[in-house]
Every structure is written in structure tokens, then in C-alpha cells.
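Colleague: I'm new to this one. Could you walk me through a few of its helices?

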Amino acid sequence: MLTFTIRRLILAVPTLLFISLVIFLLLELAPGDPMAQVPLTVPPEVKEKMREALGLGQPMHIRFWKWIVQFFWIEPQVLIDHYIGTSFSAGDLRVISWQTRSPVMDIVIQRLPQTLWVVGTAYIVAIVIALPIGIYSAYRQYSWFDQLGTFVSMVGFSVPPFFSGVLVIVIFSVQLGWFPSIYDTTHVVDSWDAFVYQLKQMIMPVMVLALQITAQLSRFMRASMLDNLNQDYVRTARAKGLSEYVVVMVHVLRNSMIPVVTVIALGIPSIFGGAIITEQVFKVNGIGQLLIGAIQANDLPMVQTLTFIFAVLIVLFNLIADVLYGILDPRIRYD
């Protein structure tokens, strides 16, 4: 297992380099000019100096190499300096946002807590709800609970977040007045009342996101459980006199979790990516809204960095899912 993990980590390096090159070329070839939003009264020679200040006057391969060095070498040093108090990155050039003229990673770190509060909580809530629903729906196939779970899942799949988000705002915020309609990103939790208000403003976006994630995970869990409940080893376990709880919750559940682990692991990067539509609806100043704003402003360093961070997380959690396969199923060996 350790050899497999090391081999996959080594293989991830050229994979990520290739992904970064593809992202860079796609953004370079995309239409748009970062100087498009500059007022027309600015003279052309001033615009040209601004382009040179942003590094746009250099060849493409030079800009790509500088971005790679800044992302993989300088930014980790900045992180080490921040937590340890060293000065490894003193005077080094960092990836700068064209829109804000500040380091991209500083902005990402500022926005990340808001996304983790909302999207991360929604993901945890969805997992806690979806797995028991999928397990019991499969065990009681075609029962009223299974039919109800299927109906709720279809609603979660069918209703887009821009509709369900507005719907819950109208019901719980406008009509009932229970929760605030706009997420206050400047709110500081420093007392019990502040904590209660934080929970109130999180309920609606978490509700909308958890509905979608629960619908997906519960269906995967149900299908995987049904596939394993009819296997020969289940009949053998029951014939040996094992209790129904041990058969279902130990033998069947462990094997059924293998495909579900993939769905859960590959969904975790979306936590850091944020729920773009939901963040827009509830005005959550998170990573998703940051990406939308960067795209609209043609802020290529911000878009490139955020997109590559998502790619790194996907590669990482793919590896974690593969390792978990071997833990869940002893038959899987990586030799």
C-alpha cells in the first residue's frame, strides 16, 4: 500500500504539470483583454505600460514558468513564513491578481473560511443524512420509506439551486421572517448570540446544498446496497447464524461503501470550490463567488490559480479514494 501511494504521488507531479499547462493555454487563447475595463480616456502608451506591469509583455513560456515557480515554490514559503515566522519568501514576487493588485493566495485564504462554513457543513450534513437513508431504503426496498426517499431524491436532482434557493428565501425569510436572506460575511462569532445568528444565516444555504448532495449520495448508497444484498456471501452469512444487524451493517455495508467512497471523495473538492450558484443566491462571499468575479473581470491569474487548486484537490482525493478501497475491501491489493 505504501509503495502504491508513493508511486501515485510521483505520478501526480507530471499529471499536475500537464493540467497546469492546459489551463494556462486555455486561458491564454480565450478571448478578452485585461485592459478592456480601463477607461477610454487612458492614452495607449499608458495602457501599454500597464500591460508590461502586469507581465503581459513577456513571452508565453516565460509567463508560464514564472507562474509555476511562484505557485509551487514561493507560495509554500509564504505559508511557512506565516506559521513559523521565518523569512524564506522575503522579496520574492508572488502571483498577483489583476483585479485587486494583491496576492491571489491571500485573497483565497480570506474567502476560504466562508466557503468551509457553508459548503463544508452542508456536505457533512448530507453525508450523515444520506447514508442511513440509502441503507434503510435498500433493506426495505419498495416500502413506504423507500418510496418517500425516492421522491425526495428526485426532487433534489430535479430542482436547480437557483430555484430552490429563491424559494426558501421567499418562504423562510420573506414570509416567515425566521432567517436572514443575505449571508453576512463580516459577522464575527464572539458570543452566544453571535453564534446563534451565525447558525441562522447558515441554515438556508446549507439546506439548499444538502438537498442536492443527499439526493445523489442516498441513490448511490441504495443502489450499492441492493447489489450486495443479493450476493452469495450474504446468504452464507445468514446461514451461519449471524444476526441480521451484523450481516447488513458489517458485511454488506463495508462492501457497499466502496463505490460510495468514490462519490464522497471526488465531491470533497467541490467544498473548496464552493457552490457557485448558491453563493450567488445567498451572497456568500466565498471561493465560488470569487471565481465568478474573476471570470467577469478577466482576472487570469486568479482564474488560473483557483482552477489549478481544484485540479490538485481532485488528484489528491482520487488517491485517497484508491487507498480507502484497500482498507474497505481486503481483496483489493496494490502490488
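**A chat about some helices**

Colleague: Let's begin with Asp146. Which helix does Asp146 lie in?

Modeller: Asp146 is part of helix H5, residues 144-158. Keep in mind that this is a predicted model.

Colleague: And is Asp146 buried or exposed?

Modeller: Buried: the relative accessible area of Asp146 is 1%, and the cut-off for buried is under 20%.

Colleague: OK, what does Asp146 touch, leaving out residues up to four places away in sequence?

Modeller: Asp146 touches Ser137, Arg140, Gln141, Arg219 and Arg222.

Colleague: Switching to H6. How far apart are its end C-alpha atoms?

Modeller: They're 19 Å apart. Helix H6 has 15 residues (161-175), so at 1.5 Å a residue it should span 21 Å, and the two values agree.

Colleague: Where is the kink in H6 centred?

Modeller: On Ile169, and the kink is about 25°. Ile169 is also one of the buried residues of H6, including Val168 and Phe172.

Colleague: What do those buried residues pack against?

Modeller: The buried residues of H6 pack against helix H7 (192-229) and helix H11 (276-282). Just after H6, Gly177 has a positive phi of about 70°.

Colleague: New topic: at what angle do H8 and H9 pack?

Modeller: About 155°, with the axes of H8 (residues 232-239) and H9 (residues 244-267) 10 Å apart. Angles over 145 degrees count as roughly antiparallel, so that's what H8 and H9 are.

Colleague: Which residues make the contact?

Modeller: From H8, Tyr233, Val234, Ala237 and Arg238; from H9, Glu244, Val247, His251, Val252 and Asn255. The H8 and H9 crossing is right-handed.

Conventions: Residues numbered from 1 in each chain as written. Predicted model: local features only at pLDDT ≥ 70, side-chain atom pairs only at ≥ 80, totals over all residues. Heavy atoms only, no water. Helix = DSSP H or I, 4+ residues; strand = E, 2+ residues; numbered from the N terminus. Expected span 1.5 Å × (residues − 1). Bend = angle between axes of the 7 residues up to and from the residue. Buried < 20%, exposed > 50% of the residue type's maximum accessible area, 1.4 Å probe, protein only. Contact = heavy atoms within 4.5 Å. Axes fitted to C-alpha atoms, helices over the stretch in contact; angles between N-to-C directions. Parallel < 35°, antiparallel > 145°, perpendicular 65-115°, else oblique. Left-handed = near helix turned anticlockwise from the far one by under 90°.
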